[in-house]
Amino acid sequence: MILAGFTLVRLAFILSPTIDLAPDEAQYWDWSRTLQLSYYSKPPLIAWWNALWTTIFGPTVFGVRMGAVVGSVLVQGMWWWWVVRVWRGPEMAPWVLLILNTTVFLSAGAVLMTTDNLLLVCFSAAVVLLHRFLQTGRGTMLLAMVLALGVLAKYTMLAFVPMALLAAGLWGRRFGLAAGLWPRLMLALALGAVAGLFPVLLWNALHDWVGIKHVLYRGAVMGTKASRWLRLSSPPEFLASQVALLTPWWAYFLVRGLRRTADLDPQIALLGRAFFWPVFGFFFLWSFHTKIEANWAVSAYVGGLMLVADSFRRFAQKSWHAARRVAAFGVMVAAVVYLQAVLPVPGPLLARVIGWRDLGEEVGRIMETLDGPAFAFAEEYGVTAELSFYTPGQKRAYCIDTGRKRNQYDLWPGPGPEFRHAVFVMRGVETAAPPEVQALFATVGPPQVLTTRRLWVQGQTFTVFVCQGFRGTWPKTQSTTF
């Protein structure tokens, strides 16, 4: 009932016309139209998954986000199987599903098609399969397959390998391991990591290692950010973002689970800590060096939610009515968040996903008035991806380098001499197109400011330039920033 109820709510959400695709969602969809072994900033599974669901339901918002809803069902199904069959606590299954569905990271990831959705599916499955493997010795190859898929979903899945070894070592000291399990575990981890990394490394080797460079730049290991080693403002930001990601009330139960060892199931306490502290601790320490995005540490909460679940179970045993009130409060907050987005209620986050459809329709209208073939382009990958999705006909837009960081569009061909005109889009209010744009055309028209709305909420503002007389040569990317 809980799984079905939340899934129906999410299906209604993605059918709502209020929320346009976020820029990253549009980008991953655009990737799915050119299937590769990997991509500039992410491994390939997100594009493959998008291609599957948009083939079934069409290149629509529903088709893109259906993959997110299916991913959330898989996560919940895996956790239910863990509670009932591996943990052997069927009475806790409804509570665990309620906890999952009232955390911010699952609630958002269940309707927005991002790489974190697939990472949670694979990381949850891998931890559950490891727990079963340590108990029974079964599932070696299945564990390897899930690990490989996880690496294809997001690079942080590789953290599972050392954490699995840590968990197995602690398990052996505490509970003992059957003979022959260590070689089989090592084989599963090695096969999974190699199978997942091989296509990614092969693609990177053919593309000047741009994906690896991007990760190093984002982590402030390379580039200008790497020169600054102490950033005291970032750790408080990181901690606050993690409380928000988990929600304050479940963060409270996580702290209880991390502290109260004697009250917890010993297996859950061991696995939860082994899979929470390494990821969380690494990103907390690294936050002293650079800004850490809130979702980077999301895999820590697979182990963390194990601790939340067992801590909440103990709490419910002592105070059943209080536990029901906590769960009801969580459901109410989740419902309010979804309702605010669908109504919609004004706010800076909502404004970022309102207006893309209006922009695409306006750009399409302008292109129809031009005498000859035309293309759309922008200077940001997010705007480019949204133009590709929302401009009528969904022809691929292009991304010009005006001094930005590199992105996936730099690895694909630009427009050729078959085009005569174009429409250039910038976010915000601008008075002139960049010199790099003006050099490509005989004339660049005056700025046209487009302010979007959805019902009573103001969306984003864009500046549109009509460019005529394309000279037929698209400039190569000069940026050395990844």
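A residue counts as exposed when its relative accessible area is over 50%, and as buried when that area is under 20%. The legends below refer to a predicted model.

Figure 1. R88 has a relative accessible area of 56%, which is over the 50% cut-off, so the residue is classed as exposed. Although R88 is not a glycine, its phi is positive, at about 60°.

**Figure 2. T247 in the loop between α12 and α13.** The helices on either side of this loop are α12 (234-246) and α13 (248-259). T247 also has a positive phi without being a glycine, here near 85°. With a relative accessible area of 5%, T247 is buried, whereas R88 is exposed.

**Figure 3. Q76 in helix α4.** Helix α4 covers residues 61-86 and includes Q76. The relative accessibility of Q76 is 0%, so this residue counts as buried. Setting aside neighbours within four places in sequence, the contacts of Q76 are L3, R10, L97, L100 and N101.

Figure 4. C122 belongs to helix α7 and is buried, with a relative accessible area of 7%. Between C122 and G150 there are 5.0 Å from C-alpha to C-alpha, while along the chain the two are 28 residues apart. G150 is also one of the contacts of C122 beyond four places in sequence; the others are V146, L149 and M157.

**Figure 5. The largest nonpolar core, around F275.** This core has 87 residues, and L130, F160 and F275 are those with the most contacts inside it. Helix α7 (residues 115-136) gives the largest share of the core, 13 residues. Beyond four places in sequence, F275 is in contact with F123, V127, L130, F160, M163, A164, A167, S299, A300 and G303. Another core, of 56 residues, lies apart from the one shown; among its members are A26, V69, L359 and L450. In soluble globular proteins, nonpolar side chains tend to be buried together.

**Figure 6. F282 in helix α14 and its distance to A297.** Helix α14 runs over residues 266-286 and contains F282. The relative accessible area of F282 is 46%, so F282 is partly exposed. A297 is 15 residues from F282 in sequence, and their C-alpha atoms are 8.9 Å apart.

**Figure 7. The whole chain, for orientation of the close-ups.** The protein has 20 helices and six strands. Its radius of gyration is 24 Å, close to the 23 Å that the globule rule gives for 482 residues, so the protein is as compact as a globular protein of that length. Along the principal axes, the C-alpha atoms fill a box of roughly 75 × 50 × 45 Å. Buried residues make up 56% of the 482. Of the contacts between residues at least 6 apart in sequence, 76% join residues at least 24 apart.

Terms used:
Residues are numbered from 1 along each chain as its sequence is written. This is a predicted model: local features need pLDDT of at least 70, side-chain atom pairs count only at pLDDT 80 or more; totals for chains, interfaces and linings use all residues. Side-chain values use heavy atoms; hydrogens and water are left out. Helices (H or I, at least four residues) and strands (E, at least two) are DSSP runs, numbered from the N terminus. The radius of gyration is taken over C-alpha atoms; the globule rule is 2.2 Å times the number of residues to the power 0.38. Buried means under 20% relative accessible area, exposed over 50%, partly exposed in between (1.4 Å probe, protein chains only). Contact means heavy atoms within 4.5 Å. A nonpolar core is a set of buried Ala, Val, Leu, Ile, Met, Phe, Trp, Tyr and Cys residues joined through side-chain atoms within 4.5 Å.
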